[in-house]
Amino acid sequence: MKHSVFPLNRWTTPAIIRRALPAMGLLVLLQLASIGAARGDTDWDKPFPAFESNWFVDMSRFSEGAHTGLDCGECHVDMVEGTQKHPDPEAPGYLKTDVKERFDYGRCKRCHLKAHERSLEGAHAEAMKQQQQRKADQTEAAQKDDAPYPAPTCGHCHSAHYDRSQRSRVEVGRAMIETCGACHPVEKATYLENYHGRAAVDLGRAEAAYCTDCHGAHACVSLKKEAETALSACRRCHPDAGKNFADIVIHYSTQRLADDDHPKRPAILRIYLAGLVSLAFVSILLIGFYSHSFLLMLRKIHDKLRRPE
Amino acid sequence: MMENSPIENDAVRRFSVFHRFLHIFVMISFTFLAVTGFSLSFSDQGWAGLVVSMLGGAESAAGFHRFCAALFYLVVVSHLIWLGYFKVVLKGRWTGPHTMIPNSTDWENILQNFRYIFGKGKPPLFNRFSYLEKIDYWAVLLGMQSMGVTGLLMWHPEAFSAVLPGYAINIANEFHFHEAILAVGYIGVVHMTSTHLTPEAFPLEKSIFNGRIARRRLKAEHPGEWKDRYAPTAPSEGTTDPADAAS
């Protein structure tokens with residue numbers, strides 16, 4: 001009857017095993033805890049990176065850029081705002097204002113009319129309107145700007161001096177991740193975790209979607225608000241997509257998601273819980289089998305060395 | 001599974017040609033599935049880009065992954081067909097001590113193996129398949145069903161999202177990835193050590209490739225099968241088995 005029960009009790013189990021058991025339990029707990037920890041471990045909230053800015057124009061790079069044929073004067077002309085010269089070097093804070101907020105990007109539309117028109121329809125133009133409204137509004141509450149980044153002008157995304165033309169789709173796409181990710185770090189990180197980001201950016205599959213393929217380039221929009229918009233974005237590559245297709249989570253994160261965001265919040269919760277269960281299942285099985293294999297191998301080697309045939 | 005016949009004095013047939021071929025197909029497709037799949041899961045690592053470029057880009061790597069998955073599933077299907085053939089034509093049995101069906105002996109063997117591990121008893125007396133071999137078998141047979149379903153979900157998200165909520169595709173992705181880790185972690189360590197690194201077989205277990213196992217080893221590792229099928233029934237038969245002399 002001595003061996004009728006599983007032999008892990010304090011009288012029959014060697015001390016080393018008894019000591020190792022809590023450690024194994026701890027391993028399982030650590031594994032589970034690391035899941036939670038890994039999810040909080042991001043560098044998403046880095047500050048807005050200063051766009052490369054210099055007093056001088058690097059002419060060798062400029063000559064390789066898309067605007068190489070242009071004279072400086074075609075973009076940099078004297079402008080007048082009301083009766084005042086614009087930009088006015090004597091104005092207070094002139095040197096402290098970001099050049100991208102002073103420059104009159106209205107000049108871009110002389111050549112890029114379509115892009116300019118489209119940009120007025122998107123979410124960035126909306127953000128610009130709100131920013132201007134806040135500036136005009138003198139109340140203290142409005143002055144307290146809670147937008148994390150300045151509303152983007154053309155120059156925030158494009159470098160007029162150095163951006164090159166005729167680049168491949170993958171090249172543009174990879175650069176786009178950095179450009180958009182500067183202000184949308186959560187979206188960048190989650191996109192890169194998603195199949196689309198892995199295939200398009202990491203593995204260079206040109207057919208896979210980059211940021212602007214779903215959200216639009218100049219008239220860029222959030223796909224959260226209307227289901228129709230999201231679905232039509234999916235259908236550009238997945239023509240057979242049905243209603244639920246647009247609910248597949250691409251940006252798997254609850255950061256910067258409204259508390260009542262439905263159905264994304266509950267969907268993310270379910271994915272998280274299902275993933276947690278399967279990871280726990282896998283971890284427990286592997287730890288169990290590894291312990292079994294390791295101990296059995298030790299015993300067999302021990303026997304082999306002790307009792308050679 | 002069971003059409004064993006003595007083939008030589010010192011060895012018996014353990015696996016038929018059919019099963020040896022199936023195992024080779026599983027080995028090849030499993031390896032390529034793991035390599036192509038993980039080079040997507042870990043696409044930000046340098047080696048992943050190298051593997052994918054060697055396979056001709058992301059699209060052909062994906063195609064190769066699906067080809068290997070289909071090959072793997074073909075193995076499962078042909079095994080199931082064989083099970084029918086085994087039952088109907090060969091008049092074999094699906095259940096019993098020398099089949100893959102788990103039974104109470106396995107549970108006793110597990111307990112006995114732990115007694116052995118902790119120095120409290122002798123090694124368990126396995127039948128034709130030890131409990132680890134049964135786990136190997138069922139892990140593949142059942143694991144392929146769930147890998148197949150989750151894989152299909154990600155292969156045709158348009159069709160499946162018509163009947164399932166959108167997040168089901170995401171859940172399929174999580175399951176597929178975690179189970180892949182389990183499969184590779186299990187095969188790479190548990191299956192490999194329990195077959196090749198175990199002192200009886202070290203450095204290489206060849207019986208799944210040449211189909212033969214030495215009588216001496218069969219008697220030591222699968223004594224239940226030895227007793228039921230190969231052990232001389234009575235000493236008066238004359239021939240002394242070499243395995244008896246060796247032990």
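Arg14(B) counts as buried, at 4% relative accessibility (buried is under 20% relative accessible area, exposed over 50%, partly exposed in between, with a 1.4 Å probe and protein chains only). This is a predicted model, so local features need pLDDT of at least 70 and side-chain atom pairs count only at pLDDT 80 or more, while totals for chains, interfaces and linings use all residues. Side-chain values use heavy atoms, without hydrogens and water, residues are numbered from 1 along each chain as its sequence is written, and chains are lettered from A and ligands numbered from 1 in the order in which they are written.

- Arg14(B) forms a salt bridge with Glu225(B), with the closest N and O atoms 3.6 Å apart (a salt bridge is a side-chain nitrogen of Lys or Arg within 4 Å of a carboxyl oxygen of Asp or Glu).
- The pair links distant parts of the chain, 211 residues apart. Arg14(B) sits in the loop between strand 1 (11–13) and helix 1 (17–41) of chain B, and Glu225(B) in helix 10 (residues 223–230) of chain B. Helices (H or I, at least four residues) and strands (E, at least two) are DSSP runs, numbered from the N terminus.
- Glu225(B) is buried too, at 1% relative accessibility.
- Salt bridges with shared partners join Arg14(B), Arg128(B), Glu133(B), Glu225(B) and Arg229(B) into one network.

**Other salt bridges**

- Over all chains, the count comes to 15 salt bridges.
- Lys188(A) pairs with Glu178(A) in a salt bridge, the closest N and O atoms being 3.2 Å apart. The partners are ten residues apart, Lys188(A) in helix 10 (residues 185–193) and Glu178(A) in helix 9 (residues 169–183) of chain A.
- Lys188(A) is buried, with a relative accessible area of 19%.
- Arg198(A) and Glu193(A) meet through their side chains in a salt bridge (3.5 Å, N to O). Arg198(A) is buried at 10% relative accessibility, whereas Glu193(A) is exposed at 56%.

**Interface of chain A and chain B**

- The contact (heavy atoms within 4.5 Å) takes 46 residues from chain A and 50 residues from chain B.
- The two chains bury about 4,400 Å² between them, 69% of it on carbon and sulfur atoms. Buried area is the accessible area (1.4 Å probe) that two parts lose on being put together, summed over both.
- Three salt bridges are counted between chain A and chain B. One salt bridge joins the side chains of Lys300(A) and Glu200(B) (3.6 Å, N to O).
- On the side of chain A that touches chain B, helix 1 (15–40), helix 11 (195–202) and helix 14 (264–306) of chain A each supply at least two residues. Helix 14 of chain A gives the largest share, 23 residues.
- That side of chain A divides into 25 nonpolar, eight polar and 13 charged residues. Ala, Val, Leu, Ile, Met, Phe, Trp, Tyr, Cys and Pro count as nonpolar, Asp, Glu, Lys and Arg as charged, and the others, Gly among them, as polar.

**Ser161(B)**

- Ser161(B) lies in the loop between helix 6 (157–160) and helix 7 (167–197) of chain B.
- Ser161(B) is buried, at 1% relative accessibility.
- A polar atom of the Ser161(B) side chain lies 3.3 Å from the backbone oxygen of Glu158(B).
- Neighbours within four places in sequence aside, Ser161(B) is in contact with Asn244(A) and Phe245(A).

Methods. Polar contact = N/O pair within 3.5 Å; in protein donor to acceptor, adjacent residues only side chain to side chain.
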